[in-house]
There are 2 protein chains.
Amino acid sequence: MAYIFFGEISGVIEGDTFQSRKELSKAGVHRPLQGGIDGNSIQGTSSIVLSGGYLDDEDHGNEIIYTGHGGNDSNGRRIKDQSWYSYGNRGLLISELHGHPVRVTRGANHISKFSPKKGYQYGGLYQVTEHFWKKDEGKFGVCIFKLAKISALSSTDILKGIIDLSPENGIPSKRIPTTILRIVRDTKLSKAIKELYNYTCQVCGIRISFNGIGYAEGAHIRPLGTPHNGADAIGNLLCLCPNHHVMYDKGYFRIDENFSLIGIDGSLSIHKNHQIDIVNIKYHCDLFNFEQ
Amino acid sequence: MAYIFFGEISGVIEGDTFQSRKELSKAGVHRPLQGGIDGNSIQGTSSIVLSGGYLDDEDHGNEIIYTGHGGNDSNGRRIKDQSWYSYGNRGLLISELHGHPVRVTRGANHISKFSPKKGYQYGGLYQVTEHFWKKDEGKFGVCIFKLAKISALSSTDILKGIIDLSPENGIPSKRIPTTILRIVRDTKLSKAIKELYNYTCQVCGIRISFNGIGYAEGAHIRPLGTPHNGADAIGNLLCLCPNHHVMYDKGYFRIDENFSLIGIDGSLSIHKNHQIDIVNIKYHCDLFNFEQ
């Protein structure tokens, strides 16, 4: 399988321009010379190029509504439903569920005020946040993806876990505090731990999957951030379903040194290649070691 | 039960100063004239005043490590373990798990560079993001809370669902993309729906609870934001456990017009006072209505 590189390309920054698809490919930003989607249906999509564009595409800069791949004849006329199994659409779905970033490049012929005058312009990293199905003018089904720009907010802005939002559907003139309850950070290492366990929860064995694509969360044993300063390391990570992630973070259950669970029945499933640092297990245990 | 007001006080903005606890109380920012915690053990904590301070307190401005209430004799000397059942500590725990904002005021005698020279200064809204147990100098157990400031980021910055973070434990000079996979917004209405169902998932009936305090998530049926523009309204909300929230948002299962589940077994439990807008159910159903 060809190697796919997710994330920033060394030496290329947002706003960089390229004369041609060949140049864009050579830089490693987007390898195929023709196709708009770089990646495959197993590892995911790492890059898209916006050019021309479908009727349903919307480019709001930080937010892009992107029509998937396929369903057209050789003249670009839609003649059938798109498929979630085509390499491009399935790749985007994998990137959404597994949390891979997607590089976005805009071509001059992409109809958007964010497009360059000529050639191609790298627009930065985006995250696929949604996928859904839409009937194109009531006839053919198309696969739609929503991409949102990964912005450069500082960790201190975000790691608090809660952010005050402006209203979306509220009264515009009034500031309505809308809070975020849970954020789940996805680091390179948390991706590795999820892959090791094939997106299966180490506590309950559940594997949330959509069309074969798993969803799980990387949970830090000793918490990141002040005052715990846990490491983002494999030995400090667990692969959990969202329910057990919340429960572990809040101390609803703990894990003892023999990997038995305290507070709920059962014991932790551990892959032979997963070396959990017992010091971290002990740290978490002490955090919630009180009589309830 | 006394009425507790969570959130911003009309006419009071961050940075406002008050001569005395009496003035602070009159403004409605923090009602008790003595106690540092305003609220109760049923609805939660709505406000704290930082003054004097415990050994374990840390004030980093945007992030506060706060020692809970109790365990001291009348001279302020710690003589026993603190309790998670004291009104203040349990109130803070409820505010953490239910997502209530907490007003933070600093007194002049609070040892911190963020303290006012004299009197009291309102420091804005914070969220309780963590609670944990700590042995004070190896003797008595104390209840520690972490509070993080709710910042005024715009919805377009945040609603994308994914945010690029600076490294915490990585190489400081290198920008490591750390992404957020899931954000769960907690609006006033989503709090209402969670209370209506007593934090019980409408799909599986699970009630994640810690010491009797429930945790659930308010899930929008027709998604908020572009291009769906669903309403933040009771008729567009469900009370779900984190697992079923992810699964519903990603289309792993759908709900038909008779409230039977499609994709998984079962049917939706609906409270008699919960009027779900069937148009929203239909909208979500169409989003994921394709052959897999």
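The model is predicted: local features need pLDDT of at least 70, side-chain atom pairs count only at pLDDT 80 or more, and totals for chains, interfaces and linings use all residues. Residues are numbered from 1 along each chain as its sequence is written, while chains are lettered from A and ligands numbered from 1 in the order in which they are written.

**Chain A overall**
- Chain A holds 6 helices and 15 strands, taken as DSSP runs numbered from the N terminus (helices H or I, at least four residues; strands E, at least two).
- Of its 292 residues, 43% are buried, meaning that 20 or more other C-beta atoms lie within 10 Å of their own; exposed is 12 or fewer, partly exposed is in between, and C-beta atoms are placed from the backbone.

**The core**
- The largest nonpolar core has 100 residues; such a core is a set of buried Ala, Val, Leu, Ile, Met, Phe, Trp, Tyr and Cys residues joined through C-beta atoms within 7 Å.
- Among those with the most contacts inside it are A:Leu240 and B:Leu240, where a contact means backbone-placed C-beta atoms within 7 Å.
- Leaving aside residues up to four places away in sequence, A:Leu240 touches residues including A:Ala216, A:His245 and A:Tyr248.

**Helix H4 of chain A**
- In H4 (residues 188-196), the buried residues are A:Ser190, A:Ile193 and A:Lys194.
- These cover an arc of only 100° around the axis, so they sit on the same side of H4(A); the arc is that of the directions from the helix axis to the C-beta atoms.
- A:Asn198, with a positive phi near 50°, follows H4(A).

**A:Ser112**
- A:Ser112 lies in the loop between strands S6 (101-107) and S7 (120-136) of chain A.
- A:Ser112 counts as partly exposed because it has 16 C-beta neighbours inside 10 Å.

Key: Two residues are in contact if their C-beta atoms, placed from the backbone, lie within 7 Å.
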